[in-house]
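Biologist: Let us go through some labels and ask what backs each one. Please show me the model.

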Amino acid sequence: MKIILHIFFTLLSINCIAGPISGNTSVSPGSVETYTVTWDAWNSTYENYANVTWNVTGGSVINSDKHSVTIQWNTLEGYLDGSGSIDVSEDLGGQSSQQSITIVNNTESPSEFCNGSLGQAGIAVDFGSGNNPGPPLPNGTTTYQYNASCSLLPGEYTVVNNSNLCRSLWHNIPQDHTGNANGYFLMVNANDGRNEIYRTTVSGLTTAFRYEFSAWVGNLYNNTGGQDPNIRFEIYDLSGNLLKSSGTIRIPVTLPTFQWQKVGFMFDIPPGNTSVQVVIVNTRRSTDNQGNDMVIDDISFAPCYPPIAASFSTSSIIDRAHICNNGTVNLYASWPSTIPFQNPAYQWQRSTDNGFSWSDIPGANSINYVQTENSPGIYQYRMFSYETSNPSQSVLSNIIIYYVQLMTVEAKTTNIYACSSSPSSEQLVGLYNLQYSDPAESLSFTYLWSPSTYISNPYVNPSYISLPPAQSPPPPNGPPQPAINYYYTLTVTNTNYGCSASNTQTVSLYNPRKVHVPSAFTPNGDGLNDFFYPINIEDYPGAKFWVYNRFGQVVFYSQGPATREAYSWDGKFNGIPQGSAVFPWIVEIPGCPSNIYSASDGEGKSKGTVTLIR
């Protein structure tokens with residue numbers, strides 16, 4: 001009956017879209033929410049015979065029926081937001097519906113500020129000055145809609161120099177944060193869910209310092225009857241990937257008079273990023289439209305200089321230096337602002353374990369110092385300054401890094417096997433590494449194979465070598481022929497800093513005998529046919545040989561060295577002699593897989609069986 005009904009309803013409603021899924025679409029991490037679906041077509045037949053499937057991402061289904069589902073949404077790491085989705089379908093009429101979910105992480109965090117000296121701001125937004133209203137923000141700056149009137153509706157913003165008489169429940173703010181009567185500030189009536197209050201791009205950043213992302217804000221509400229605004233600072237790379245986020249920062253009501261409040265957080269620039277997008281977002285779910293109204297002024301993104309700054313340059317802050325093998329480098333320190341000590345003393349410190357431990361550099365007691373490193377490595381330096389009369393009063397600089405790099409090329413042997421009378425070709429791959437290099441650098445290299453004889457292109461790696469035909473094959477039972485060796489020097493040079501290294505690459509051309517595998521052996525200790533081994537396998541360095549029992553267990557395995565003894569099985573497994581039986585074997589030889597012959601049939605095979613006879 002159900003099959004007939006299913007066919008009937010499928011014909012009537014192929015690809016039918018159900019009504020909407022209702023419920024909260026902006027949820028908190030770990031919250032439990034219930035959602036219902038409105039089916040466009042539903043009656044007792046559906047109720048009795050339809051199967052309903054709920055699929056959820058970003059959360060777990062606690063319980064469900066044909067009309068509703070209860071979901072616990074995932075918890076999130078740190079202060080990041082998440083996303084989820086709900087998909088529902090029924091199998092009788094083919095109805096389905098989908099709903100996207102935003103998991104808004106409203107975990108609160110305190111503001112963080114620079115404890116050193118703020119440098120010149122990469123962005124400094126004061127919104128200008130003039131008569132009311134101010135102009136709208138540039139396109140792409142905010143997701144709110146501009147309204148010239150300061151009596152804003154949810155989801156709108158304006159730019160003004162005061163908030164007098166805008167709304168009865170709002171403070172009358174006479175001037176901007178700095179006290180400029182004509183200075184503009186941003187006024188926002190924030191609506192439900194995550195929206196971007198302000199977005200811009202800042203460039204020219206360095207990993208030498210942390211950065212302070214801050215703004216002066218205020219709660220517009222003049223009573224305790226509304227929701228406090230919640231904002232969050234977010235940092236993205238230029239591809240839109242979230243790098244870091246503050247927690248939610250709540251902006252409390254200030255009574256009886258309005259007060260500007262500074263909020264912010266500290267951020268470290270990841271290596272390789274010199275430009276980022278900075279965003280201030282609203283995270284409050286103001287479902288009743290009461291409160292969540294705010295003003296913002298003087299948005300800033302500025303480097304946080306330590307009380308004393310270290311650099312490899314006297315003209316700017318350079319926090320990385322590079323050299324090959326060994327070298328001498330100049331260390332400079334300076335005070336970005338007032339020197340906090342009457343009689344400052346100085347001590348340069350050094351770390352060779354990525355800043356885990358630090359030691360004083362002997363004799364490095366001046367504000368500038370010349371440091372020599374005699375061996376490759378990654379060296380970190382910092383300035384420790386203190387009051388001479390009271391060493392407990394001290395400050396530390398930022399960290400600067402000296403990459404003393406070492407280029408290495410491995411000595412390598414490549415085996416080539418002459419399987420026929422034609423020339424033998426093989427890819428030569430040189431292995432190299434620039435040790436102690438800067439992970440923020442994109443490295444490039446040049447290559448030179450010398451001599452270039454038989455090399456297809458001496459300026460690339462890998463390259464191909466095509467050797468002349470080998471001498472005629474040796475007799476099957478004759479002695480192995482020694483390899484013909486060709487020697488090349490591979491030189492690799494890093495083009496970033498000129499680090500270079502060379503090493504010998506040996507090409508060994510083998511003219512191997514064919515491998516023959518016996519069909520039986522008698523390990524009785526009489527000195528006759530006591531071992532089972534592939535004859536002539538020693539001509540193939542790197543060959544592999546397995547023997548199995550009837551249970552599939554490996555009773556013998558060898559990968560060399562290339563001697564007959566290394567590839568010989570004595571008929572024992574774990575030291576126990578095996579009884580008479582048939583044992584499967586597998587042989588892999590490099591370069592010439594068809595050069596394996598089984599004594600049982602005389603054909604080239606890489607696997608077969610051997611009979612152990614007692």
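Modeller: This is a predicted model. The structure holds 29 aromatic pairs.

Biologist: What makes the pair of Phe 127 and Tyr 198 edge-to-face?

Modeller: Their ring centres lie 5.9 Å apart and their planes stand at 85 degrees. The cut-offs are within 6.5 Å for a pair and over 60 degrees for edge-to-face. Therefore the rings of Phe 127 and Tyr 198 pair edge-to-face. The pair links distant parts of the chain, 71 residues apart: Phe 127 in the loop between β10 and β11, Tyr 198 in strand β14. Phe 127 and Tyr 198 are both buried.

Biologist: Why are Phe 213 and Phe 233 called edge-to-face?

Modeller: The planes of Phe 213 and Phe 233 are 65 degrees apart, with the ring centres at 4.7 Å. Edge-to-face needs over 60 degrees, so the label holds for Phe 213 and Phe 233. Phe 213 sits in strand β15 and Phe 233 in strand β16, 20 residues apart. Both Phe 213 and Phe 233 are buried.

Biologist: Which residues do ring pairs link into a cluster?

Modeller: Tyr 211, Phe 213, Phe 233, Phe 265, Phe 267 and Phe 301.

Biologist: How do you know that Cys 150 and Cys 166 form a disulfide?

Modeller: Their sulfur atoms are 2.0 Å apart. The cut-off is within 2.5 Å, so Cys 150 and Cys 166 count as a disulfide. The torsion about the S-S bond is -105 degrees, and the link is left-handed.

Biologist: Why is Cys 150 called buried?

Modeller: The relative accessible area of Cys 150 is 19%. Buried means under 20%, so Cys 150 qualifies. Cys 166, at 7%, is buried as well.

Biologist: What makes the disulfide of Cys 114 and Cys 304 right-handed?

Modeller: The torsion about the S-S bond is about 80 degrees, so the disulfide of Cys 114 and Cys 304 is right-handed. Cys 114 lies in the loop between β8 and β9 and Cys 304 in strand β21, 190 residues apart.

Biologist: How do you know that Cys 324 is buried?

Modeller: Cys 324 has 15% relative accessibility. The limit is under 20%, so Cys 324 counts as buried. A disulfide joins Cys 324 to Cys 499, S to S 1.9 Å. Cys 499 is buried too, at 2%.

Note on methods
Residues numbered from 1 in each chain as written. Predicted model: local features only at pLDDT ≥ 70, side-chain atom pairs only at ≥ 80, totals over all residues. Heavy atoms only, no water. Helix = DSSP H or I, 4+ residues; strand = E, 2+ residues; numbered from the N terminus. Buried < 20%, exposed > 50% of the residue type's maximum accessible area, 1.4 Å probe, protein only. Phe/Tyr/Trp six-rings, centres within 6.5 Å; stacked < 30°, edge-to-face > 60°.
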